[in-house]
Structures are given as C-alpha cells and as structure tokens.
Amino acid sequence: MLERSYLKSQMRNTGLKNQSTLRPKNALTRKGLMFTLTLTSLIDAFTIIVIYLLVNFGNPNQNTKLNGSIELPQAVKNDDVGEGTVVSIKNGRYFFETKEVTLAEITRDLVEVIQKKSGDQNLLIEADKSTDYQALSPIILAGSQAGFHQFKFAVLQAGGTR
Amino acid sequence: MMTAKQTKKDLNFELNLLPVFDILSCCICFLLMTVVWIQIGSMNVNQALGAKGQAGTENAPAIWAYLNPSGQVVLDVKNAKVANWMGESVLQGNSSDKSISWNIVSQRLQAIHNAVPSLKTALVMPTGKSGYQDIVHIMDIFKQLGISDVGISPL
C-alpha cells in the first residue's frame, strides 16, 4: 500500500536528491549537470507581491491629477479626496480642470457644473503651499456664488514625500 | 494490462508553471507602473450659503482664528463662557522670521478645547498675505482637536 503512494513517489523523485553530485539517487542525473529549477516558491513570492500591490493600489475615487510644479501643503488629519470639480492655481494662473481660465470664466464654469449635475457638489482646490490667500480667496468666492458649499483643499499626508 | 509502475508514472504529472510565471510578472509590472505612490488627502471646509435662517436657534460655541501678517494669531471664543485670558488670546509669532509659533497656538487651542468640550465650529480669518500652508496648518490643528466644522472667511 505504502509503496504505491503518490507521496512516496514524490519523495523519491525530489529534485534535491537528483542534484546531489556525491551520491546521486537517480540514474538520470548522471547524464549531465541539468538541474531542476523549483519555481513554486518563486511563484508564491510573486503572488504575495501581486496581492500586496492590489491591496495598496490606491483609492479608486482619487482621480486627482496633480500639476507638475504644485507643491501641496501637508496635513496630519485629512479626508479622502473623493470626486469633485478641480480648480488649481499655478503661479498666479487659474486652471479649471486642465484648461487655463480667467477668474470671470471660473465663476461661469462653476455655475455650469452646478446646473448640469444634481446633488451636492464638491469643489477641490489645488494650490501651491506658498500661495497667498489673496489668490485663493476669489476661487472660494466664485464657488460660493456658484452654489458650492463643500470645499476641499488638496493636501499631502504629513510625513509623505512627493 | 497496466502494471503498478506505469500507474505511478501517470500520477507524477508535470504542471507547466511558466505561463503562470509570465502572467504574474505582467501583473507586477502593471501594478508597479500604475500604483499611486503619493497619497493625496483633502481638508474639507463647509461654507455657509445663508439659505438657513438662524432665528430661534441657539448659537453654538465657536472659535474664530485671525491670522495676521506678522505671525500673530488671535483666537476669539464666541458663545461660550471661558476665562478672560482664554476668551480672546493674542499669540505673538516668532520675531525673527515673522512666522507663527505653532507650538504656542496648538497648546492654547488644546486648553480652549479642554475648557469648552462642546466646541465644534471654527472659522479661520486670514488676511490676503496669509500663506496657504499656514491656513491648512491651523485647520489641521482644529481637525486634530475634533473640531469638525471648519470654515474660512473670504476676503
């Protein structure tokens, strides 16, 4: 019964015994130095890496595309970015989503967004940490006039790097 | 007729792992290239639009924080009974670089929050020259203290 066991045959044909150069257990090893590469452990490691990366893939709601030269301020306590209309300030210039606009156009565009989409809308503001509030305030005013009442300032998690 | 040796040979099948290996490599490459390394968060600010009337409602305790250009921070507690020194605190900034002394501000806010645990509303009153980083920093302190409704005053 034991002689016909599948496990027994596996033990007999193990790759380590075959690779032994001193006392090879199998006649096949005498043919050459060709060895059996055990890929199982490698695949295990790969699977663990894939699962880890999938778990840490990031928040699918995070559709923020940062402008290259914007250095966001840091904050310890912050919330998820979520979805919303993005307005960014870069070197004193205003961008609605990715399009450069003037202040008057921002108000008009934000009103259009409010009219097109129903429900509560968020306004996500991206600005460099060195920006003065003088440049930031018109966006808050424009958003308030358009009907936004939830503003989100994009920040980096404190301790993170960019 | 099948012998015992032949049966054993059939059971020792070989699983071709190379395609699995290829797929996993592709998955790892894709995930590494598309993973988000920068964790962006947001500081939520609720702005009142004036749609709701306040007639007949009791005013909740609130704190107003004025950020002055010289690094001075003035904390004004509204609708709550606190000691005089806590009611309106003028906190001077660093004289050398005119920046805000965040340790002092944080300690004072902690003391105010301990005195008024029901404090849930804060309003930041920056000037035109106030830095965005300073505004976010004071909002961050408010949020860390559990003050959830943080607003900002436009110029």
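Visitor: How many helices and strands does chain B have?
Guide: This is a predicted model. Read along the sequence, chain B follows the pattern α-α-β-β-β-α-β-α-β-α-β. That gives chain B five helices and six strands.

Visitor: What share of the residues of chain B counts as buried?
Guide: A residue is buried if 20 or more other C-beta atoms lie within 10 Å of its own. Of the 155 residues of chain B, the share that counts as buried is 23%.

Visitor: What is the order of the strands in the open sheet of chain B?
Guide: The open sheet is formed by five strands, and its pairing is mixed. β4 (88–91) and β6 (149–152) of chain B each have a single partner strand, so they stand at the edges, with one side left without a neighbour in the sheet. From one strand to the next, the twist averages 15 degrees. The order in chain B is β4-β3-β2-β5-β6.

Visitor: Which residue of β3(B) is the bridge partner of Ile63(B)?
Guide: Strand β2 (residues 62–67) and strand β3 (residues 73–78) of chain B run antiparallel and are joined by six bridges. Within β3(B), the bridge partner of Ile63(B) is Val77(B).

Visitor: Which residue of β5(B) is the bridge partner of Tyr66(B)?
Guide: β2(B) is also joined to strand β5 (residues 121–125) of chain B, by five bridges, and these two strands run parallel. In β5(B), Tyr66(B) has as its bridge partner Met125(B).

Visitor: Which element of chain A gives the most to the side that touches chain B?
Guide: In the contact between the chains, 48 residues of chain A meet 41 residues of chain B. On the chain A side, α1 (6–12), α3 (40–55), β5 (122–127), α5 (133–146) and β6 (150–157) each supply at least two residues. The residues of this side divide into 24 nonpolar, 17 polar and seven charged. With eight residues, the element that gives the most is β6(A).

Visitor: Which residue of β1(B) does Phe151(A) stand opposite?
Guide: β6(A) pairs with strand β1 (residues 40–46) of chain B. The pairing is antiparallel and extends over seven bridges. In β1(B), the residue opposite Phe151(A) is Val45(B).

Visitor: At what angle do the axes of α4(A) and α5(A) cross?
Guide: Two packed helices are described by the angle between their axes and the distance between the axes. For helix α4 (residues 103–116) of chain A and α5(A), the axes come within 9 Å, and the crossing is right-handed. The crossing angle is roughly 35 degrees.

Visitor: How many residues of the contact of α4(A) with α5(A) are nonpolar?
Guide: α4(A) contributes residues including Leu103(A), Ile106(A) and Leu110(A), while those from α5(A) include Pro138(A), Ile139(A) and Ala142(A). Of the residues in this contact, three are polar and no residue is charged. The number of nonpolar residues is nine.

Visitor: Where is Asn91(A) found, and is Asn91(A) buried or exposed?
Guide: Strand β2 (residues 85–90) and strand β3 (residues 93–96) of chain A run antiparallel, joined by four bridges, and Val87(A) stands opposite Phe96(A). Asn91(A) lies in the loop between β2 and β3 of chain A, and phi of Asn91(A) is near 50 degrees, a positive value in a residue other than glycine. Asn91(A) has 10, so Asn91(A) is exposed.

Visitor: What is the phi of Glu97(A) in the turn of the hairpin of β3(A) and β4(A)?
Guide: β3(A) and strand β4 (residues 99–101) of chain A run antiparallel and are joined by three bridges, with Tyr94(A) opposite Val101(A). Two residues lie between these strands in the hairpin. Glu97(A) is exposed, with 12 other C-beta atoms within 10 Å. The phi of Glu97(A) is positive, at about 55 degrees.

Terms used
Residues numbered from 1 in each chain as written. Chains lettered and ligands numbered in written order. Predicted model: local features only at pLDDT ≥ 70, side-chain atom pairs only at ≥ 80, totals over all residues. Pairing = 2+ DSSP bridges. Axes fitted to C-alpha atoms, helices over the stretch in contact; angles between N-to-C directions. Contact = placed C-beta atoms within 7 Å. Nonpolar A, V, L, I, M, F, W, Y, C, P; charged D, E, K, R; others polar. Left-handed = near helix turned anticlockwise from the far one by under 90°.
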